[in-house]
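Please read it alongside the sequence and the coordinates.

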2 protein chains.
Amino acid sequence: MSLRHLILALVAARESTGYEITKEFDEVAGFFWRATHQQVYRELGTLADAGLLRFSEVEQHGKPDKKVYAITAEGRKAFADWFREPTDPPRAADPLMIKFFAAELVGIDELRRQLANARARREAILAAYEAIQAQHYSEPMKEMPRWKQLIFMTLRLGMARERAWLEWADESEKVLRT
Amino acid sequence: MSLRHLILALVAARESTGYEITKEFDEVAGFFWRATHQQVYRELGTLADAGLLRFSEVEQHGKPDKKVYAITAEGRKAFADWFREPTDPPRAADPLMIKFFAAELVGIDELRRQLANARARREAILAAYEAIQAQHYSEPMKEMPRWKQLIFMTLRLGMARERAWLEWADESEKVLRT
DNA sequence: CCGCCATATGCAACTATGTGCATAATGGTT
DNA sequence: AACCATTATGCACATAGTTGCATATGGCGG
């Protein structure tokens with residue numbers, strides 16, 4: 001599992017509570033990774049049990065108490081070990097492909113509608129990425145600190161992916177018009 | 001779940017046994033979808049229990065007996081209903097992005113190695129897709145029957161995806177060299 | 001004749017992820 | 001006073017997917 005390692009990395013970068021990590025996921029959601037607060041709290045618990053994280057309970061006034069998690073030496077080692085292992089390219093299973101595969105059962109018109117719908121969603125995603133770029137990554141890459149370049153490259157992958165998909169959709173629409 | 005619907009579509013296209021469907025998955029594996037034989041047999045059972053498929057046991061000589069599954073009217077309807085629902089674009093979570101995100105914890109050199117490794121795998125995948133195209137889809141698309149066009153488009157998406165990734169990798173390698 | 005391969009099906013256990021619900025403090029809104 | 005939003009954490013259950021093991025027939029090569 002990789003969520004485990006992403007949380008490890010987030011906590012390594014900055015000591016955090018489950019709530020804060022969940023918010024980070026919500027903000028970066030889509031162009032990188034997704035996780036619900038349940039998943040986050042559960043993983044934090046598992047990681048703490050395994051000794052890869054430790055936490056201290058912090059009392060607050062005006063807000064409920066919280067648990068601040070920090071990475072341990074063991075956690076750092078586990079992360080580095082995982083990092084050095086080669087990563088399998090993720091399988092990209094798109095249910096829309098099932099619709100292509102089986103379109104003749106239901107009708108090409110309906111497939112066209114499904115494709116148009118998927119296109120609209122993808123266009124919205126790309127627009128959101130472009131807005132993030134315009135807002136946060138408008139300076140030339142050479143001027144960014146290394147950490148920012150790296151995160152920007154993850155956004156660039158998201159954009160490249162959506163653009164490639166949209167070009168494919170153009171081609172598909174052309175074929176379906178015939 | 002979508003595997004359910006893919007199996008429904010496969011059985012609708014041609015009455016099949018679990019074994020045959022598993023082989024279809026192995027052959028199409030990667031450019032479309034993946035499933036183990038366990039998953040396939042389990043889904044077939046579930047679908048039959050739900051009345052979306054029915055099966056007849058066929059005795060064979062020289063080979064173990066088999067169950068041949070066919071789609072029911074209910075199954076056809078369930079598939080069509082699913083088809084008409086809009087599909088969420090799948091979240092594309094790539095663990096390599098975690099490595100970009102957290103590279104400074106482990107070192108940029110190691111990230112470069114990981115990127116080179118991922119590139120090699122992606123290049124192999126693209127080469128495999130291109131081989132499939134050369135072998136099975138070498139004629140102009142206009143000359144293909146509709147069903148073949150549609151399946152070819154799923155392969156084209158796989159190729160578009162890998163090419164986009166490789167272009168992104170070029171860009172990333174350039175940035176990491178600085 | 002022994003082991004391997006292809007055909008054929010399946011259970012059990014585990015991991016991963018998603019959905020729904022529950023709780024609790026405080027401050028602001030209607 | 002009732003309700004909602006924000007901060008903060010978590011259990012229980014359901015669904016999806018993976019891994020390991022089990023079983024059975026029969027042909028083929030060594």
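Predicted model: local features only at pLDDT ≥ 70, side-chain atom pairs only at ≥ 80, totals over all residues.

1. Which residues of H7(A) are buried? They are Ile108(A), Glu110(A), Leu111(A), Gln114(A), Leu115(A), Ala118(A), Arg119(A), Arg122(A), Leu126(A) and Tyr129(A). The cover over these buried residues includes, from chain A, helix H5 (95-101), helix H6 (103-106) and helix H8 (146-177). Chain B contributes to that cover as well, through its H4 and H8.

2. Arg119(A), listed above among the buried residues of H7(A), also belongs to a network of salt bridges with Glu123(A), Asp170(A) and Glu173(A).

3. The contact between the two chains draws on 65 residues of chain A and 65 residues of chain B. The interface of the pair buries about 6700 Å², and carbon and sulfur atoms give 71% of that area. The size of an interface is often quoted in this way, as accessible area lost when the parts come together.

4. How many salt bridges are there between chain B and chain A? The count is four. Arg121(A) pairs with Asp88(B) in a salt bridge, with 2.6 Å between the closest N and O atoms.

5. On the side of chain B that touches chain A, at least two residues each come from helix H1 (3-13), helix H4 (73-84), helix H5 (95-101), helix H6 (103-106), helix H7 (108-136) and helix H8 (146-177) of chain B. H8(B) gives the largest share, 18 residues. Sorted by class, this side of chain B has 40 nonpolar, nine polar and 16 charged residues.

6. Over all chains the structure holds 28 salt bridges. In chain A, Glu43(A) and Arg4(A) form a salt bridge with an N to O distance of 2.6 Å. The pair links distant parts of the chain, 39 residues apart, with Glu43(A) in helix H3 (residues 37-49) and Arg4(A) in helix H1 (residues 3-13) of chain A. Glu43(A) counts as buried because its relative accessibility is 12%, under the 20% limit. Arg4(A), at 27%, counts as partly exposed.

7. A salt bridge also joins Glu24(A) and Arg14(A), whose closest N and O atoms are 3.9 Å apart. Glu24(A) is in helix H2 (residues 18-28) of chain A and Arg14(A) is in the loop between H1 and H2, so the pair ties together parts ten residues apart in sequence. Both partners count as partly exposed: Glu24(A) has a relative accessibility of 24%, and Arg14(A) one of 46%.

8. In chain B, the side chains of Glu43(B) and Arg4(B) meet in a salt bridge at 2.6 Å, N to O. Glu43(B) sits in helix H3 (residues 37-49) and Arg4(B) in helix H1 of chain B, and the pair links distant parts of the chain, 39 residues apart. Is Glu43(B) buried or exposed? At 12% relative accessibility, Glu43(B) counts as buried, whereas Arg4(B) is partly exposed, with a relative accessible area of 28%.

Conventions. Residues numbered from 1 in each chain as written. Chains lettered and ligands numbered in written order. Heavy atoms only, no water. Contact = heavy atoms within 4.5 Å. Buried area = accessible area lost by both parts, 1.4 Å probe. Helix = DSSP H or I, 4+ residues; strand = E, 2+ residues; numbered from the N terminus. Nonpolar A, V, L, I, M, F, W, Y, C, P; charged D, E, K, R; others polar. Buried < 20%, exposed > 50% of the residue type's maximum accessible area, 1.4 Å probe, protein only.
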